[in-house]
Amino acid sequence: MTSSQYRKLSAPFRKNKNSVLGFNLLNTVLTVIVYIAYPSLLAYLAFSDRTKLFRCVLIPAGMLLFVSGLRRVINRPRPYETLNIRPLINKDKKGQSMPSRHIFSVFMIAMTFLYVKPVLSIPLFIIGVLLCAVRVIGGVHYLSDVLVGAAIGLLSGLLGYFVF
């Protein structure tokens, strides 16, 4: 992506201050929904199915450590660092853009819900797709960052919950 492509992509949201605020609110609300859903699922499992609880803590935690380490090793600069742009989402972190940990987490949590309560995973997968768009349009990740984050989350859940 070039800086002109990014500016074109984000232009509809830069029209006025309220659009930028709304965009940031959407990013926050979608993220908070997921981060409330996961501990809620763990609390539910603590009282209903402790055999699944261990797996639903261990797999996401282990993979989060893996993704965090991978980000440090790759240490890819963020779009606002390399494209000389002002992102819609205020962020001042340097590097560690690939893979997106936000997106990995959403898809890993959605896969956890798919394992425990499949019907409840559907809104989380939709939120995951929306957050992919928000993080790219917001200028904090490249498309490849979110795609790799989603792929790791999906593959981790598939292997951890349904294959092994």
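Rings of Phe, Tyr and Trp (its six-membered ring) pair if their centres lie within 6.5 Å; planes under 30 degrees apart are stacked, over 60 edge-to-face, and the rest tilted. This is a predicted model, where local features need pLDDT of at least 70, side-chain atom pairs count only at pLDDT 80 or more, and totals for chains, interfaces and linings use all residues. Residues are numbered from 1 along each chain as its sequence is written, and side-chain values use heavy atoms, leaving out hydrogens and water.

**Exercise 1.** Classify the ring pair of F107 and F125.

*Solution.* Start with the count: the rule gives five aromatic pairs. For F107 and F125, the centres are 6.2 Å apart and the planes stand at 45°, so the pair is tilted. Finally, F107 has 6% relative accessibility and counts as buried; buried means under 20% relative accessible area, exposed over 50%, partly exposed in between (1.4 Å probe, protein chains only).

**Exercise 2.** Find the cluster that holds Y161 and F162, and describe their pair.

*Solution.* Take the pair to begin with: Y161 and F162 are edge-to-face, 6.5 Å centre to centre with 75° between the planes. Then compare burial: Y161, at 5% relative accessibility, is buried, whereas F162, at 41%, is partly exposed. Now extend the network: ring pairs join Y115 to Y161 and F162 in a cluster.
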